[in-house]
Amino acid sequence: MLVFVLGTLGVLSGLAAYGADVDLGSAETRLALTGVPYAVAAAFFVPSRWVRWGALAVLAAGVAYGGVVGPAQARQRQHEAETARYRERAALLYLGDAPPGMRVAHAEVGPASFVVDYRPVREGYEEGYVGLVVRTPLTPALRCPEFAPENETCTVTPQGEMIRVGDIPGSTDAVTLTRRHRSAEVEVSSQTLDERGLRRLLDTLHPLSDAELRELMKEKRIVHSL
């Protein structure tokens, strides 16, 4: 009876580990492993010191794998799968250096866009916002909207940049700067930075590095939307 109880507890522990995505091999291997807890439990009642020591070693190895090694490998596989999911949109994953005193507060990878919000490092104590959008080009060439708001001016420069300035009564003008970057269209907008500051941010555009992606994922500042 004691062997049955201890063996069943071992099987339940294995099921819990499997539910936590610990790799226990193929279906045939998992089926074979269901008998191991009972064999180990029975070995403790064998009147042989070496058999008991062997059972203890098997038990220690199982606990180490199911409680430490296996979960760590499961987390690594999950991290790699999540990273690969973000990298599916590699052509859009571009990041600009954060303006002085600001950091990437939030990023979102969508089906056809990569959106980044820059906010002050001391958010809550300082105000400021810069938005970056990297997307699939909407038109063959940049051009001003045909129907623009009355309080907004739009200009396309000879260098191919589109500049939109929105006059907001009682507040700082909202500036939006758009340019093509390789196969993507990049737009930055802000009421905190002027045109020069936005252009400086665009000039620092670079592919999102593994280290940057890892940091954003670790701090849960990046999400994936369908």
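This report covers the chain, its sheet, a packed helix and a disulfide.

## Model and conventions

The model is predicted; local features need pLDDT of at least 70, side-chain atom pairs count only at pLDDT 80 or more, and totals for chains, interfaces and linings use all residues. Residues are numbered from 1 along each chain as its sequence is written, and side-chain values use heavy atoms, leaving out hydrogens and water.

## Chain overview

The protein chain holds six helices and 10 strands. Helices (H or I, at least four residues) and strands (E, at least two) are DSSP runs, numbered from the N terminus.

Of the 226 residues, 30% are buried. Buried means under 20% relative accessible area, exposed means over 50%, and partly exposed lies in between (1.4 Å probe, protein chains only). The accessible surface of the chain is about 14,000 Å². Carbon and sulfur atoms account for 59% of that surface. Areas come from the Shrake-Rupley method with a 1.4 Å probe; for residues, only the protein chains shown count as cover.

Contact means heavy atoms within 4.5 Å. Among contacts between residues at least 6 apart in sequence, 45% join residues at least 24 apart.

## The sheet

Eight strands form an open, mixed sheet. Their order is E5-E6-E7-E8-E4-E3-E2-E10. E5 and E10 (222-224) stand at the edges with a single partner strand each, so one side of each lacks a neighbour in the sheet. The twist averages 15 degrees from one strand to the next. Two strands pair if DSSP finds at least two bridges between them.

E4 and E8 (residues 184-190) pair in the antiparallel sense over six bridges. Arginine 135 stands opposite glutamate 185 in E8.

## Helix on the sheet

Helix H5 (residues 195-203) packs on the sheet. H5 touches E3 (113-120), E4, E6 (162-166), E7 (174-181) and E8. The direction of H5 makes about 30 degrees with that of E7. Axes are lines fitted to C-alpha atoms, for helices over the stretch in contact; angles run from 0 to 180 degrees between N-to-C directions.

## The disulfide

A disulfide is a pair of cysteine sulfur atoms within 2.5 Å. By this rule the count is one. The bond joins cysteine 144 to cysteine 154, with S to S at 2.0 Å. Cysteine 144 lies in the loop between E4 (130-135) and E5 (152-156), while cysteine 154 lies in E5, 10 residues apart.

The torsion about the S-S bond of cysteine 144 and cysteine 154 is about -90 degrees, so the disulfide is left-handed. Cysteine 144 counts as partly exposed because its relative accessibility is 28%. Cysteine 154, at 24%, also counts as partly exposed.
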